[in-house]
Amino acid sequence: MIVQLDTFESVLSSLANQDMVFVDVETNGLNAHGDNQLCGIGVGLTSEQIYYFPFRHWQNSPSKQNLMFNFEGYVNLPDTALKEVIDALNNIKSLIAYNAKFDLRFLQKEGLDISNKFIDDVLVMVRLSEHSDVNMLSLTETIKRRYGIEEAQYDIDTKKILRNGGWKNDFSKAPIDVLGPYCEKDVFYTMKIYWDSLKHIEKTEQKNVLQIQENLTKVLFDMENKGVKVDTGYVKKATQRIAHRKQEIEQKIKEITDGVFNEEYNIASTQQMGKVFKSLNLESPDKTATGQDSWNEATLAQINHPIAGLVRQWRTLEKLRSTYLEPFDNDDGIDLHTDFCNWGTVTGRLSSRNPNLQNVPRNHFKVADVQLSDEELQSVKNRVDAVISAKGAKGVNLSNDVIKTWAFIGDESYDDNDDTQISLRRIIIPREDTYLVSFDYSQMEVRVFLSYIAQSNKEVQAMLEQSDVDFHGEAAKLAFKVDENHKDYKYYRQTAKAITFGTIYGIGNAKLSTQLNVTPAEAGEYKKKYFDGIKGSKQFFDKVVSTVESRGWIRNRYGRVYRMDKRFGYKGVNYLVQGTSADIMSERMIEIHKYLENKKSNLLLQVHDEIICEVHKDEVQTVLPKIRDLLKTNTLDIPLDVDMEICTPSWATKKDATDLITTTTEQDWIEW
């Protein structure tokens, strides 16, 4: 029902005394943090009581810009009615929506207060109730998957009308009688999917996980609203440095190809550069899925010619510019707001988008030629080998002049005073009177992995309970019977590390062999010694695989269920370890958010095993140790350790912050 003035009061009164309603908003854009705003609100009480309140529809015609739309008798409700709807929603205890943070953000701009509300995101519930192979979780795709494509036809038809009318990017331009029924259908299916998902969650005993995610949704909402501060001055500086360096690289590539390849070419084009490589008699060692020559990062790293490294360098710098710098290149200091998705991964890990702040590189990048010592040359070669190994390819011997072209990939030792370096994390800075502080779990996934084994292995349990323990070294001692005095201790430690993560991530002997630079048979032998030496590890792995094969699902220690293809049981260990780690982090973020609720400090970012907090200068001595303690605690009683570092003058540069808890004045901080 599209609500008009003659029905408004009666519909509004039906919202009174409701404990729970379903909501959906239609908007003139996607950026609630910017100038976009809602043009209508859909509200559902039952499947028979679904209403659309139109507020800001308009007709875009040459003669009457901004004319309020009036079509088939439907007109916009006045602003006073919008306020009344928001007031009514403020009196309702529970709000339910699909991708709830999006809707709530637009409603908040109109005056909605969610601080004391119970929020259910149906999208999160879909993640908890779908098969782990499912990765398309939009409302439309979920309707198709659960109820058939014919049930989603309304969405397909309406989107076509919006495209044909030129309204797809601004729904407020669409007629009320087009958008109203569409919104009502969205509310109807949100309601239907909610009840169906809730039944599945209750049946599979995942209410505890759902409750954590309900609380986490509000935490993420506040984090996203706060955002992070961007140093736009540095953005401009880094953009200029990249542009200059790209020109230098283009000239180097041109010098190589002059007289050999005389056609125009675009370095960004894989197809065109493939022709250039072939003119230089360079062949790709890999093929794409369609059988074409591959020229991706791992392929380029296997080509012993300077042009390969130069092309990779140019492409990397262009991606850094377009993805991380260009969106923030303006004259004013801005706050950057990401979207955190607690439904974005199968395991339960948070993901980030628009932009993805979890993917901002830790390392810096060099924008000038640098002289490398023998030790630095070896370090670069090791990084290139790691790129190749991660893709499951074989390493090659690269000449020094080729290795130098790959030296643009630096490490985490960014120097703010070095004009030959840029760091993407450098664009994020603290606000006035605050400090950015990083709290990072130390070897979290290894600890969680060992906690599963520790249930049947006292040696592993004792190892877990130690502080500042080198787990990979201890694993090497147990598995290969070596100690620090053994001449090959470092090799065995690295082997134990590779096998631990290989077990967690489910890699086979072939890929493990490339990481260890041994044959698959030798990799298998190392793995056998590891499993024999660390009692319970093989049994844990085998039990996970056999459980998936026999019943098709497993459950992590928080109760999160993964329904899996029985052929891929080896992935189950990763689901359990990464999922349990993610649920610990979610649980802890909720507690930290509660603690900071009435303080000047804030929780800003989460990057998997790390959180970034904005700590006010007046709260340093109390907030820092309390947050660290909250992170080290968890309801599973898994012993965890947390590194605490201050990021100064930006996220790119970190220093250990443990000693700073005892500082007494702001001058101590400045001198430090």
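**Close-up 1. What lines the second largest pocket.** Sorted by class, the residues lining the second largest pocket come out as 15 nonpolar, 13 polar and 13 charged. Keep in mind throughout that you're looking at a predicted model. The space in this pocket comes to about 1200 Å³. Its lining takes in 41 residues, and the closest to the centre are G29, L30, N99, F102 and R353. Which elements give two or more residues to this lining? They are β1 (20-27), α3 (100-109), α5 (139-147), α6 (153-165), α7 (176-203), β11 (334-336) and β12 (339-341).

Close-up 2. N99 isn't a glycine, yet its phi is positive, at about 60°. You'll find N99 in the loop that runs between β8 (94-97) and α3.

**Close-up 3. E205, another positive phi.** E205 also has a positive phi of about 60° without being a glycine. Look for E205 in the loop between α7 and α8 (207-226). Is E205 buried or exposed? It's exposed, because its relative accessible area is 60% and the cut-off for exposed is over 50%.

**Close-up 4. Y194 and W195, an edge-to-face pair.** For Y194 and W195, the centre-to-centre distance is 4.8 Å and the angle between the planes is 75°. How does burial look for these two? Y194 counts as buried because its relative accessibility is 6%, with the cut-off for buried being under 20%. W195 counts as partly exposed, with a relative accessibility of 40%.

**Close-up 5. A cluster of rings.** Which residues come together in one aromatic cluster? Y147, Y154, Y182, F188 and Y189 do.

**Close-up 6. Arginines over rings.** R425 has its charged end sitting over the ring of W651, 4.0 Å from the ring's centre. In another example, R557 lies over the face of Y452, and here the distance to the ring centre is 5.7 Å.

**Close-up 7. Two cis peptide bonds.** Going from N354 to P355, the peptide bond is cis, with an omega near -5°. P355 sits in the loop between β13 (351-353) and β14 (365-366). The bond from T648 to P649 is cis as well, this time with omega near 5°. P649 is also a loop residue, placed between β22 (642-647) and β23 (654-656).

**Close-up 8. K381, a buried lysine.** K381 has its place in helix α13 (residues 374-390). Why does K381 count as buried? Its relative accessible area is 19%, and the cut-off is under 20%. Setting aside neighbours within four places in sequence, K381 is in contact with V396 and I403.

Terms used. Residues numbered from 1 in each chain as written. Predicted model: local features only at pLDDT ≥ 70, side-chain atom pairs only at ≥ 80, totals over all residues. Heavy atoms only, no water. Helix = DSSP H or I, 4+ residues; strand = E, 2+ residues; numbered from the N terminus. Buried < 20%, exposed > 50% of the residue type's maximum accessible area, 1.4 Å probe, protein only. Contact = heavy atoms within 4.5 Å. 1 Å grid on protein atoms, 1.4 Å probe; cavity = no way out; pocket = protein on both sides within 12 Å on 5 of 7 lines; lining within 4 Å. Points joined across faces, edges and corners; volume = space filled by probe spheres on them. Nonpolar A, V, L, I, M, F, W, Y, C, P; charged D, E, K, R; others polar. Phe/Tyr/Trp six-rings, centres within 6.5 Å; stacked < 30°, edge-to-face > 60°. Lys NZ or Arg CZ within 6 Å of the ring centre and 35° of its normal.
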